[in-house]
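Let's take a friendly walk through one protein model.

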Amino acid sequence: MAYNDSRFQIAPQHARQSLNHKVSDLSDSPHDEASYPGGIRGRESLVSLQSSYGSPRLDGASDENAYGPRSSWSSPFGAPPTGGRYQPVSPPSRSNSTFGRFKSFRARVQDTIREDESIDMALLGAAAPPGRSVSYEPVSVDEPVVDRSSFSASTGNQGGGFMKAAQEQEASGKLTGGIGEGMSPRTTIKEEQLIASSPTIKRSFTRTLSMKRTPTSNSRAGLKELGQNEANRRGEVIEVIMEEPADVDLSSMVGPSAVGLDPSRMRHSQFPMQTSKTEIFYPQPDWKPFFMRWPYITGLILLSVGLAICQEILYQKSAKEPLIKFQSATDIGSGYYFVFKFVPTIITVTYGVLWQNTDFEVKRLEAFYQLSKEGGALAAESINVDYITLFNFTRPFRALQRKHYAVAISSIATLLAVSLVPTLGAAALVLSPDQDTRLLDPNVEKTITMHPVLSRILTMTFFIIAVLGCVLFYQLNSRRSGLLSDVKGIAGLASMAVVSHIMMDFKDMDVAKPKDIHYKLKNRRYALRNSSLVPEDATPVSTSESDKYKDAHLPENPHPIMLRAEGSIPFIIGILLFLGFIPVFLFTPASVLTNKAPWVVTALAVCIKLTWGSLETAIRMMEPYYILSKRHAPAKTLTLDYTALPFAVVAAHALFNRHWMVFLVGWGTVMVEALTIFVTSLATVEGRDFLDIIGQAEDPGYEGDGGGGGGDDDGFLQKGLGSGSETVLSFTVTLALTTLILLYLCIVATAVFVRRRHPFLPRQPNTIASVLAFVHQSKMLYDFVGTAKYTNAQMRGRLEAIGKTYGLGWFNGRDGQTHCGVDEEELTGNYKHGIDYSQGNKPWLTEWQLF
C-alpha cells in the first residue's frame, strides 16, 4: 500500500496541466466530423502512424503515467488516487459507426499516440536511446525547495500573516513545513525486468528454453518476494507493474450480427489478456544490536550447553570421590582456594549478565519488530507497549498475552539465568561434615561435594535455557527489525514520525494519562515503512482486536515507582535489614539457618540485585527529561538514551557526560553483582570461630605461628577458621567488602530518592506513543524533516550545527496554541506537576493535592 496524505501539506497551487496524448490511427479511425468543433479536422501526423506496432515498448514505461488533475511539490510515497500522482487518462472517445466496430483487435490493445501540441518537452530528458534493454532511471520530479526555517516562529524573519496562515493550517489538521509530506516511489519497474534481474525464480522445463522469463503457477507469492528483495537490495521504495490475467469476451470484438442470427444463441468465447496492477514495496532493513545478532545468541546457547555438561561432569566426579579434601583452610593453596570459593559464583553471575544484555535489547526493540510486520500492528501491541519498566516476574505473562514470544522467551531465560542459576550454584556445593561436627572437632577432615538433587536441577536449568535460546534465535532471525540503525532518544523517534501524518493522532494529548492515550489509539494500526512510522489505514481493526486490549496496563503515576516513596523507602529499609542480618547469621546461633539452607543468603542478594535493576532502569529512562526540565539543554540531550547502553557501559558514559546520579547508580549495578559473589562465600562461614580467634589473639599468653607474644601478624591473618574453609584474612576482606557495598547502595538509593522524588513530567516516557505526544506540536520538528535514515551520530551533528537549545515545559506550538512537552527554547514556562499552564489564571482548576 502506498502511503500518502496530501491533506496535511501546504502545497503551491500549480496551473492544471493537460497532456492529451491522443491516438493517431489513420487506417482504422473513422472520419467523424461531429467530433471536431467547427467542422475543422486536424491533419494526422505522419510521425505518429502505426510505427510502434512492430517495436517493443520502452522498459519502464507505463500506460498509467499521465498527469492527474493537480500536482504538489510534496509528492509522498504512494499517493492516493486523488493526490499528486499520475492518473490514467481516459481513452479518447470512439465513434459508434460501423467502420469503427471493425477495427482490428491489435489496434484496440495497443494504440499509438495521437499528435497534440501540448507536449511536455521536459519529458524528453528521460528518453532512452533505441535498442536499450536495461532498466531505465526514473524521471526526476522537480520539487520546489522549501526553506523550512521559515516555519520556525523563533526566527522572526517572516511576516505575521505567513505565520498566522501556517498556524491556521496546523490548527485545522494540516501539517506544514514538510512534516507529513509522505513517501513516493523513486523507481518504477516492470514485472519482466523484475524476473529478468533475479534468476532464482523456479520455471518448468518447457519454459526454461523460452526467451521470456515467466514465473510458474506460484508466481504471485514469488513476485512479491522478488519485489521485496529488490526493494531491500536498492534500499529505496520501488513500484512494480505486475500483469495479471483477465478474461476478455471476444464476442464483443466481432462485427455486426449477421441477418437471421440470434446473437443470444452465439457462443461467447473468452480470450485471456494481461491487465496491469502496480504494487509498492518498501525496503525492510534488518539492523540489530550486537547482543541480538546470531553470533552472540549462538554463543549464549553454546555457553549454556557447556555449563550443563561441566556441571554434570563435576557431579559424576563428586559421586565417586570428593572434589576437595582438607582439614584446615591453610591446607588449600591460595589459587585453589580462589577457584573453589569465587570462580563458580563469578561464572554464574557473569552468565546472568550476558543474558541481561540480550534481554534488555529485545524488550527495547520489540515494538519496532511488531511495526515491521506486514499489515503493521495495533497501537497496544507496538507504539503503546511498555516492557522496560514492567516488573521482571510479570513481564513474560504480559508478553504472552500480546503474543510477543521473543520478549516472553528472553524474559524467562534471563530470569532463570539471573536468579535461579546463582542460587542453585551456591546451594549445589556442599561442605561436609555438618556444622555441629566441625565445631566439636575443628581438625576433622572436611570435604566438598556436589548435592545430587540440586546439581541435577542446575544441569536441567542450563539445558532449558539453551532450548529457550534456540527458540529466541529463531524468533530474532525469522523477523526483520525494519531499522537502519539504532533509535536513540527523542530525536530518533521524532525523525521517524515527521514523514507521515501520525502526529495528528496525538492531538490534545500533551498532558493525557496513559489510559487516555490507550483508549484513543486502541482502534488504530501503525507500521514501520522505509524507516518511518506511518498509520496503517489499509488494514482495518476488527472488533475482536478492538476488544482484546480493554485496559491500558500502564502506570498512571507520572513517576516510576522506584523514584517514589512507596518504592524507594521499602528498598532502603530492605538493604539495611540485610546489612543487619549478616552479623546475625555469622556470629549468633541463627547461623543454623544458613547451615541448613546456605542458598537463602544468595537468594536475598539476588532480590536486592533485581530491585536495584529497576531503580537503574528508572534513572536511565528519566535522565534526558530531567535535564530538559532544567531548561536550555544542549542539542545532544535529544539524542541521549541511557536505556540503549549495556551493562557497566552506562556508568562510563555517564561519567564522561558528568551526569553524576546516573554514574552512581550505574556503578552500583556493577557493585551489586559483586555483592552476590561475596555474600555467597560468607554463607558457609562460622563467624563464632572468628570471634574465638580474635579472643585468643587478645590473650597475653597466646602464641601465634610466629612464636612471639601476642602472635605474629602474618600468622594470625593466615590462620584458618576451624569449622570452615575461610582464613582470617579472606573472611575479613569478604565481610568488609560486603558491608561497604551495602552501605554504598543504601546511600545512593537515599540520594536518588531525595533528589528525584518529585514528578517533573505529566506521564512516564515509557512508550513510543508517550514520547510522540510530548513533541507532536513542537516547532523543532521542522529540523527533523528528511532525517529518517540518519544515524545517531549524524543526527547529533545536525542538531549541534543548528545551534539551538531545548527544554521541557509549556510552549506555543505550530498551531499557535499552548502545549506541554519538549521544544526548542524559548519556552513560555516551566512544567510544574498539577498546574495546567494552558488554563491561565484559573486556580479553581488546579489540582492542589498534587502540587
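Helix H19 gives the most residues to the lining of the second largest pocket, 10 in number. This is a predicted model, where local features need pLDDT of at least 70, side-chain atom pairs count only at pLDDT 80 or more, and totals for linings use all residues. Residues are numbered from 1 along each chain, and side-chain values use heavy atoms, without hydrogens and water.

The pocket holds about 920 Å³ of space. A pocket is an open set of points on a 1 Å grid where a 1.4 Å probe fits, with protein on both sides within 12 Å along at least five of seven lines; lining residues have an atom within 4 Å of a point. Of its 47 lining residues, Ile 388, Asn 392, Gly 613, Ser 614 and Thr 617 lie nearest the centre. H9, H11, H19 and H21 each give two or more residues to this lining. Here is the lining by class:

| Class | Lining residues |
|---|---|
| Nonpolar | 20 residues |
| Polar | 16 residues |

Helices here are DSSP runs (H or I) of at least four residues. How do the axes of H9 and H13 cross? The axes of H9 (residues 343-371) and H13 (residues 452-477) come within 13 Å and cross at roughly 30 degrees, which makes the two helices roughly parallel (angles under 35 degrees). The residues in contact (heavy atoms within 4.5 Å) include Tyr 351 and Trp 355 of H9 and Phe 462 and Ile 465 of H13. By class, the contact has 8 nonpolar, 2 polar and no charged residues.

How values were computed:
Axes are lines fitted to C-alpha atoms, for helices over the stretch in contact, and angles run from 0 to 180 degrees between N-to-C directions. Angles under 35 degrees count as roughly parallel, over 145 as roughly antiparallel, 65 to 115 as roughly perpendicular and the rest as oblique. Ala, Val, Leu, Ile, Met, Phe, Trp, Tyr, Cys and Pro count as nonpolar, Asp, Glu, Lys and Arg as charged, and the others, Gly among them, as polar. Grid points are joined across faces, edges and corners, and a volume is the space filled by probe spheres set on the points.
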